[in-house]
Amino acid sequence: MGDFTIQISSNLVKQLADDGVKLKKKTRKPKPKAPREQSPAKEQQKHDIDDSDALKSPNAVGWPVQPPLFMPITAPQLPVQKEIDAIRSVLQDSEKVLERLQKHEEDMVRQVTQKAKDLHEKEFKIPHQKPMPCLVEKDSCLECYKENVKDPLKCASLARQFADCARMARQQVSSSEK
């Protein structure tokens, strides 16, 4: 099915609604024309014709024929109904297209949300945690300080080992960055 757009203006809806109202109105009756003044010769000729026609017509008195009081509705309703049916079918088709677009939008929102979650997890996840260098030296130094609170000089050799280890770790990191 091809892509298309349907726009129904308020004017179209009003016109369709007004068509139904207009069909119920009575049609205008034609007004009889007033006779013009003619020359006496033409008037006499017309009078002669009127007399001969009056004898032939069933209305021999010569009264004007009155149009019927009720005029049947002559406006065809079938084309209007066809237009309304066509508009309804177009509206139904557009509703189906709208439903499909909404489902497609929901699927796209789900996909984008899932991809955003995946990217967020990848970005903020530490790929490989490296063990803390000199962890053993640090722990032994801290333990020594806890045991010898009154005499911290007993832990000087452990503190020196920890400082040497830390210096070597810094040198390794700075040499690997170059």
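The conversation below takes the disulfides, then the salt bridges, then a helix and a surface patch.

Mentor: Keep in mind that this is a predicted model, in which local features need pLDDT of at least 70 and side-chain atom pairs count only at pLDDT 80 or more, while totals for chains, interfaces and linings use all residues. Residues are numbered from 1 along each chain as its sequence is written, and side-chain values use heavy atoms, with hydrogens and water left out.

Trainee: What makes Cys134 and Cys165 a disulfide?

Mentor: A disulfide is defined as a pair of cysteine sulfur atoms within 2.5 Å, and the sulfur atoms of Cys134 and Cys165 are 1.8 Å apart, so the pair meets that definition. The pair links distant parts of the chain, with Cys134 in the loop between α3 and α4 (135–147) and Cys165 in helix α5 (residues 156–177), 31 residues apart. Helices here are DSSP runs (H or I, at least four residues), numbered from the N terminus.

Trainee: How many disulfides does a search of the whole structure find?

Mentor: The search finds 2, and the other one joins Cys144 to Cys155, again with sulfur atoms 1.8 Å apart. Cys144 lies in helix α4 and Cys155 in the loop between α4 and α5, 11 residues apart.

Trainee: Why is the disulfide of Cys144 and Cys155 called left-handed?

Mentor: The torsion about its S-S bond is about -95°, so the disulfide is left-handed.

Trainee: How do you know whether Cys155 is buried or exposed?

Mentor: Buried means under 20% relative accessible area, exposed means over 50%, and partly exposed is in between (1.4 Å probe, protein chains only). Cys155 has 0% relative accessibility and therefore counts as buried; Cys144, at 10%, is buried as well.

Trainee: What makes Asp85 and Arg88 a salt bridge?

Mentor: The definition asks for a side-chain nitrogen of Lys or Arg within 4 Å of a carboxyl oxygen of Asp or Glu, and the closest N and O atoms of Asp85 and Arg88 are 3.9 Å apart, so the pair qualifies. These two residues are 3 residues apart in helix α3, which means that about one helical turn separates them.

Trainee: Which side chains meet in a salt bridge at 2.9 Å, N to O?

Mentor: Those of Asp164 and Arg167 do, and they are 3 residues apart in helix α5. By this rule the count comes to 3 salt bridges, one of which joins Asp107 and Arg110 at 2.8 Å. Arg110 has a relative accessible area of 52% and is therefore exposed, whereas Asp107, at 34%, counts as partly exposed.

Trainee: What is the helix content over residues 84–111?

Mentor: The chain is 100% helix and 0% strand there, with the end C-alpha atoms 40 Å apart. An unreviewed UniProt entry annotates these residues as "coiled-coil region", though such annotations may be inferred rather than shown by experiment.

Trainee: Which residues make the nonpolar surface patch?

Mentor: Ile6, Ile8, Val13, Val90 and Leu91 make a patch of about 340 Å². Leu91, which lies in helix α3 (residues 78–124), has 35% relative accessibility and therefore counts as partly exposed. Patch residues need over 30% relative accessible area and no salt bridge, with nonpolar side chains (Val, Leu, Ile, Met, Phe, Trp, Tyr) joined within 5 Å and like charges within 9 Å.

Definitions and conventions. Areas by Shrake-Rupley, 256 points an atom, 1.4 Å probe, with all protein chains shown as cover.
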